Amino acid sequence: MKKTLVIALGGNALLQRGEVLSAQNQYKNIEQVASVVAALAPEYRLVIVHGNGPQVGLLALQNQACDLTPPYPLDILVAETQGMLGYMIAQTLGQRPRMPMISCLLTRIEVDPADIAFNEPSKFIGPIYQPSQEQEMVANYGYQMKRDGQYLRRVVASPRPLRVLEIDVIRHLLFQGNVVICGGGGGIPVAPNEQGFVGVEAVIDKDLAAALLAKELNAEYLMILTDADAVYQDWGTPQARALRNVTVETLRPFSAPDGSMGPKAQAVIEFVEQTGKTAFIGALKDAAEILKGNKGTKVVGTQEALVS
């Protein structure tokens, strides 16, 4: 039986930094995603989780700009981006020869309404702004803004994912041989109430959601694909070197939440520690070689597992 591989696609897989957020640009970038997935599909049962930061931020702006109706909440905007991006990925994959059936599933993920993240918004969404625009964005839209490098971006709450509500459906689709696109944008955040579940104003980190999904599916591998070709020791210095094969203890210093690698490292650490399985971090274009151990960073639980 094929082994299960959960792939988390970073935002760069759908839109390069600085590109106009157009359908044409997103389709262009998704072509590379399709090439990678098509190459892996014969060997693995595949689950694809994608980011949605730029897209959900744009939808929020479009919502705010329309004075015909009150703005839609973030959980609905996440659902919209799941549908939009899932459709675009499925359309592009479907044009590849000999692809398995492709299913795109709207996915809800339970969060704790008492999560401290609701008091400390930290998740970047939407486009970048000049620092001089901060007062305008706060006054016009009520956004909370934080620095992202030399620019400003909107931040929203990012609670921890607790449970994938559609997990049984995903298992069934995989069993039937489908490539499954699910958990887009980290999943639609919902919390339990007396009637069942209600959407909440938040965006879940897609890497943590992918790690949870991989754990609940008992997947053999989790692979987080980003614009960095590996995790680097001493990044930005002449001594910088790629970490190829490491344990979770070696990776732990990279999981600080204030670093760009932080959520990815944390997601990988949690998956490996909770399952004893293997995880990878690397560049989209190198996916096949990453799984062979030739590129990217491979992460295992113990030194003994690393040697084996």
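Lys264 touches Asp207, Ile224, Thr226 and Ile281, leaving out residues up to four places away in sequence. Touching, or contact, means heavy atoms within 4.5 Å. Lys264 belongs to helix α8, residues 262-275. Helices are DSSP runs of H or I with at least four residues, strands are runs of E with at least two, and both are numbered from the N terminus. Lys264 has a relative accessibility of 13% and counts as buried. Buried means under 20% relative accessible area, exposed means over 50%, and partly exposed lies in between, with a 1.4 Å probe and protein chains only.

The model is predicted: local features need pLDDT of at least 70, side-chain atom pairs count only at pLDDT 80 or more, and totals for chains, interfaces and linings use all residues. Residues are numbered from 1 along each chain as its sequence is written, and side-chain values use heavy atoms, with hydrogens and water left out.

Asp207, one of the residues touched by Lys264, is found in helix α6, residues 206-216. Asp207 is buried, with a relative accessible area of 1%. Not counting residues up to four places away in sequence, Asp207 touches Ala8, Ile224, Pro263, Lys264 and Ala267. Asp207 and His50 are 157 residues apart in sequence. Their C-alpha atoms are 8.8 Å apart in space.

Helix α6 is largely enclosed by the rest of the structure, because 10 of its 11 residues are buried. Among the buried residues are Lys206, Asp207, Leu208 and Glu216. At the start of α6, a side-chain oxygen of Asp205 comes to within 3.0 Å of the backbone nitrogen of Asp207. Just after α6, Asn218 has a positive phi of about 55°.

Asp205 is also among the contacts of Ser158. Ser158 sits in the loop between β7 (151-156) and β8 (163-164). Its relative accessible area is 18%, so Ser158 is buried. A polar atom of the Ser158 side chain lies 3.1 Å from the backbone oxygen of Val203. A polar contact is a pair of N or O atoms within 3.5 Å; within protein, one must be able to donate a hydrogen and the other to accept it, and residues adjacent in sequence count only if both atoms are side-chain atoms.

Helix packing was examined next. Helix α2 (residues 53-65) and helix α3 (residues 74-94) pack at about 125°, with axes 9 Å apart. That makes α2 oblique to α3. Axes are lines fitted to C-alpha atoms, for helices over the stretch in contact, and angles run from 0 to 180 degrees between N-to-C directions. Angles under 35 degrees count as roughly parallel, over 145 as roughly antiparallel, 65 to 115 as roughly perpendicular, and the rest as oblique. On the α2 side, Gln55, Val56, Leu59, Ala60 and Asn63 take part in the contact with α3. Their partners in α3 include Leu74, Leu77, Glu80 and Met84.

Helix α1 (residues 23-40) also packs on α3. The two axes come within 9 Å and cross at roughly 55°. Helices α1 and α3 are therefore oblique to each other. In α1, the contact residues include Ala23, Tyr27, Ile30 and Val37. In α3, they include Leu85, Tyr87, Met88 and Leu93.
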